[in-house]
Amino acid sequence: MNLKQIAAEHAASFVEDGMKVGLGTGSTAYYAICRIGERVRAGLNIQAVATSEASDKLAREWGIPIIPFDQIGRLDLTIDGADEVDPDFNLIKGGGGALLREKIVAANSDKLIIVADGSKAVQKLGKFPLPVEVVPFASEWTFKALENMGCQPKWRMDGPKQYLTDNGNLIADCHLGAIADASELNVQLNMLPGVVDNGLFVKMADVVIIAKEDGSIDELHRP
Ligand code: 5RP
């Protein structure tokens with residue numbers, strides 16, 4: 001039983017004819033894009049925007065009409081994965097490196113639907129290293145600033161080279177342990193010059209769809 005697929009395909013059923021849809025990134029969002037692609041091939045009429053080059057390519061392969069972000073206007077919904085989800089609908093995202101576009105697309109969506117298997121549901125965020133997107137200019141200075149904040153950053157690598165995001169930036173994965181106040185940390189990190197954004201999505205998720213070990217689904221709506 002593929003739990004990521006179960007959650008993602010359930011979320012794809014939220015997409016209706018005429019909608020403008022944000023397409024997430026990662027191995028769970030992959031299944032949502034494929035299911036939406038099947039529905040498009042069967043006649044579903046939507047417009048979409050992708051959160052990464054990889055998802056853009058996949059969507060186009062399925063024939064999903066992809067519109068540039070600045071031309072699509074407000075989105076009805078976005079379906080995306082997450083690395084961690086807490087009971088207050090806060091998330092850590094960016095394990096796949098797409099956090100910046102994901103956050104922009106989520107902020108432009110009426111509804112953010114998060115799809116995940118049960119392993120992503122946690123009581124406290126922070127076991128998963130928090131990705132922080134950093135501009136290459138003065139990156140070692142920014143890295144030091146993250147160290148001084150106690151974030152225990154590690155540059156994300158791509159073989160022998162530093163990993164580069166679709167935006168040409170670097171990622172510092174911060175080994176924080178349990179995060180006491182996600183909202184406060186989000187603000188503190190984004191105030192650092194050199195930081196573009198970070199993977200904390202504070203109360204941005206509207207619906208969380210978790211597929212559990214027995215194949216059943218929890219569909220949670222933010223009050
Ligand atoms: C990419 C993301 C992904 O949604 C997150 O890393 C979860 O990925 P997966 O579904 O492969 O476990 O935030 O930047």
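User: Which helices each supply at least two residues of the shell around the ligand?
Analyst: Helix H2 (27-41) and helix H5 (99-107) do. Helices here are DSSP runs of H or I, at least four residues, numbered from the N terminus. The model is predicted: local features need pLDDT of at least 70, side-chain atom pairs count only at pLDDT 80 or more, and totals for chains, interfaces and linings use all residues. Residues are numbered from 1 along each chain as its sequence is written, and side-chain values use heavy atoms, with hydrogens and water left out.

User: How many residues surround the ligand, and which are closest?
Analyst: There are 18. The closest are Ser27, Thr28, Asp83, Gly94 and Lys120.

User: What's the shell like by class?
Analyst: Three nonpolar, nine polar and six charged residues. Asp, Glu, Lys and Arg count as charged; Ala, Val, Leu, Ile, Met, Phe, Trp, Tyr, Cys and Pro as nonpolar; the others, Gly among them, as polar.

User: Which backbone atom is 2.8 Å from a ligand oxygen?
Analyst: A polar one of Gly94. A polar backbone atom of Gly97 is 3.4 Å from a ligand oxygen. In the side chain of Glu102, an N or O atom is 3.0 Å from an oxygen of the ligand.

User: Switching topic. How many salt bridges in the whole structure?
Analyst: Twelve. Each is a side-chain nitrogen of Lys or Arg within 4 Å of a carboxyl oxygen of Asp or Glu.

User: What does Lys57 pair with?
Analyst: Glu61, with the closest N and O atoms 3.0 Å apart. Both are in helix H3 (residues 53-62), four residues apart, so about one helical turn separates them.

Notes. A residue is near a molecule or strand if one of its heavy atoms lies within 4 Å of it. A polar contact is a pair of N or O atoms within 3.5 Å; within protein, one must be able to donate a hydrogen and the other to accept it, and residues adjacent in sequence count only if both atoms are side-chain atoms.
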